[in-house]
Amino acid sequence: MALTRPLEPESSYGKVRAAIRKAGSLRARKRKSRWLLSVAAGILLLVGIGAAFFKPVAPARLLRQYTYVAGNQRSEVVLADGSRVTLNRNSRLTYADTYGVTDRTVELEGEAYFEVTKDASRKFEVRLGEASVCVLGTVFTVCADKEKGTVTATLVEGSVRFRCPGQQVTLTPSQQLVFVRASRRLDIRTVDVEKETAWKDGLLKYTSVPFARLIAELQQAYGVEVRIEDKRLAETSVTVSGTFSENQSFEEILDVIARSLPVRWTKRNGVYRLR
């Protein structure tokens, strides 16, 4: 026996619509979930990129510069590696706090006598503007004269390498190099190193130096004005030899010179006149 139940059209239609709405709602939720996941992934990617590009960077370490200035007297500086520098009058030495750690570099204006501690792993460099002197361990002097536009390097012992744009020269003991900045000219000659370095001991040594040249150097050393009124004294054949102490006054030196040369001097209005 078969039992049949009458079909109710409205009830069945309502169930179908409910099923369709439920299925649509599930699909919408899935689409929304996928969209939210995509957005979240995009945000994470942007955050990751931002972190890569905007990662905080530690500020660069600032170098400290030390400068020693010699006024009207010589000054001695002992560097971190034990190297000694004697600065001549009115000279300036500058170096960074990395000296002896990552390098051994100094900058010089004026004249200085260097006694460099040997260190095969780190060269010692004196920078003189566009030129420089490099060594490992040695004794030498360097004079960077701004007024004359020259650099003079004199080697006492060891070996030094002088470098300037397009040129490089190695000096041996008792050699002196003169570099003219304007013309880039290099001259090398053999000199008496005791005489060339006497200033570090407070002495002025001269051997057969033209009188006019001696007076010019004394003018610079003592900051005085001198006029050679007797033109015969300005001739290169008139020379002077001797050793003077920086403790002597300019007038005392003139008196010493007058014992060997027919020189008389007077002083008027702050100007020394030689005849």
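This is a dialogue on how to read some features of a predicted model of a protein chain.

User: What should I know about the model and the numbering before I start?

Analyst: The model is predicted, so local features need pLDDT of at least 70 and side-chain atom pairs count only at pLDDT 80 or more, while totals for chains, interfaces and linings use all residues. Residues are numbered from 1 along each chain as its sequence is written, and side-chain values use heavy atoms, with hydrogens and water left out.

User: How many helices and strands does the protein chain have?

Analyst: Helices (H or I, at least four residues) and strands (E, at least two) are DSSP runs, numbered from the N terminus. In this protein chain, they come to four helices and 18 strands.

User: What share of the residues counts as buried?

Analyst: Buried means under 20% relative accessible area, exposed means over 50%, and partly exposed lies in between, with a 1.4 Å probe and protein chains only. By that rule 32% of the 275 residues of the protein chain are buried. The chain exposes about 17,800 Å², of which carbon and sulfur atoms supply 53%; such areas come from the Shrake-Rupley method with a 1.4 Å probe, and for residues only the protein chains shown count as cover.

User: Why is strand S7 largely enclosed by the rest of the structure?

Analyst: Strand S7 (residues 131–135) is largely enclosed because five of its five residues are buried. Ala131, Val133 and Val135 point one way from S7, whereas Ser132 and Cys134 point the other way.

User: Which strands pair with S7?

Analyst: Two strands pair if DSSP finds at least two bridges between them. Strand S6 (residues 124–128) pairs with S7 in the antiparallel sense over five bridges, with Glu125 opposite Cys134. The hairpin of S6 and S7 has two residues between the strands, and Gly129 takes a positive phi near 75° there. Strand S10 (residues 160–164) is also antiparallel to S7, joined by three bridges, and here Ser132 stands opposite Arg163.

User: How much space lies in the largest pocket, and which residues are closest to its centre?

Analyst: The search uses a 1 Å grid over the protein atoms alone: a pocket is an open set of points with protein on both sides within 12 Å along at least five of seven lines, and lining residues have an atom within 4 Å of a point. Grid points are joined across faces, edges and corners, and a volume is the space filled by probe spheres set on the points. The largest pocket holds about 1,600 Å³, and of the 46 residues that line it, Asn88, Glu111, Cys143, Asp145 and Gln220 are the closest to its centre. Helix H3 gives the largest share of that lining, six residues.

User: Where is Arg275, and which residues is it in contact with?

Analyst: Arg275 lies in the segment after strand S18 (271–274) and is partly exposed, with a relative accessible area of 33%. Contact means heavy atoms within 4.5 Å; leaving aside neighbours within four places in sequence, Arg275 is in contact with Glu229, Asp230, Leu233, Pro262, Val263, Arg264 and Thr266.

Methods:
On a 1 Å grid over the protein atoms alone, a cavity is a set of points where a 1.4 Å probe fits but cannot get out, and a pocket is an open set with protein on both sides within 12 Å along at least five of seven lines; lining residues have an atom within 4 Å of a point.
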